[in-house]
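Notebook open, model loaded. I'm jotting down what I look up as I go.

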Amino acid sequence: MSVDTPRRIVLLRHAKADWPQVSDHDRPLADRGRRDAATAGRKLADTGLTFDLAVCSTAARTRETWKLAVQELGHRPKTVYEDRLYEASTGEIITVLNETPDDVTNLLVIGHNPGMHAVADGLAGQADPDALAKMTKGGFPTATYAVLEFTGTWKSVELGAAKLVDYWAPHD
């Protein structure tokens, strides 16, 4: 695959979680979260992107979000569950991105805030004005996703290296 091939990173924040008496890592989705996760999956399907790989935090709410969202996609990508995405900093998320295999064109990352928002904002050296306005106004609520595009290798992903091309939140 050429380094000039456009690649896409889709950052999906987990859907709304419940607050039962369990550890934070084990929190399940709330009823609204289950509905929003499926809706996010349908909206991702509408983008026409076919994901080569999904990297998902090991937390219960991210795994449940992915389980519901992927059912709405036409193609189920290979999925890797990554401990480092739970409570990950911007640098830790970028490290995970840098380790993506070169044959991946479209990558979906399912994680948490503040990391998902910080990485979307940090990677976006350029932005579609409408997508940037929505993200700036709305922040990065649960079940939201941002689509970033770049050319180059996964090892070259760094702050400012991508363009924010799409943003969607379930309750805009």
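Predicted model: local features only at pLDDT ≥ 70, side-chain atom pairs only at ≥ 80, totals over all residues.

I started at L123 and listed its contacts (heavy atoms within 4.5 Å). Leaving out residues up to four places away in sequence, L123 touches I9, I94, L97, L148, V157, E158, L159, G160, A161 and A162. Numbering runs from 1 along each chain as its sequence is written, and side-chain values use heavy atoms, with hydrogens and water left out.

Next, the cores. A nonpolar core here is a set of buried Ala, Val, Leu, Ile, Met, Phe, Trp, Tyr and Cys residues joined through side-chain atoms within 4.5 Å. Buried is under 20% relative accessible area, exposed is over 50%, and partly exposed is in between (1.4 Å probe, protein chains only). The largest core has 29 residues, and I9, L11, L97, L107 and L123 touch the most other members. Two or more residues each come from β1, β2, α3 (90-98), β4, α4 (115-123), α5, β6 and β7 (162-168). I also found another core apart from it, of 17 residues, including V10, A40, A69 and Y145. Helices (H or I, at least four residues) and strands (E, at least two) are DSSP runs, numbered from the N terminus.

Then I traced the sheet. Strands count as paired if DSSP finds at least two bridges between them. I get an open sheet of seven strands, ordered β3-β2-β4-β1-β6-β7-β5, with mixed pairing. β3 (78-82) and β5 (124-127) are the edges, each pairing on one side only. The twist averages 25 degrees from one strand to the next; axes are lines fitted to C-alpha atoms, for helices over the stretch in contact, and angles run from 0 to 180 degrees between N-to-C directions.

Pair by pair:
- β1 (6-13) and β6 (145-151) are antiparallel over seven bridges, and L11 has A146 as its bridge partner in β6.
- β6 and β7 are antiparallel with five bridges, and Y145 partners W168 in β7.
- β5 and β7 run parallel with three bridges, and A127 partners L164 in β7.

Which position carries the UniProt "binding site" feature? The unreviewed entry puts that feature at R61; such annotations use the numbering here, have shortened names and may be inferred rather than shown by experiment. R61 sits in helix α2 (60-70), which lies across β1, β2 (53-57), β3 and β4 (106-111) at about 150 degrees to β2. R61 counts as buried, because its relative accessible area is 5%. Beyond four places in sequence, R61 touches H14, A17, D24, H25, R27, L29, Y86 and H112.

I moved on to the loop between α5 (129-138) and β6, where T144 lies. T144 is buried, as its relative accessibility is 0%. A polar atom of the T144 side chain lies 2.8 Å from the backbone oxygen of P141.

Buried or exposed, I asked of E87? Exposed, because its relative accessibility is 63%. E87 sits in the loop between β3 and α3 and has a positive phi of about 60 degrees without being a glycine.

Conventions:
Polar contact = N/O pair within 3.5 Å; in protein donor to acceptor, adjacent residues only side chain to side chain.
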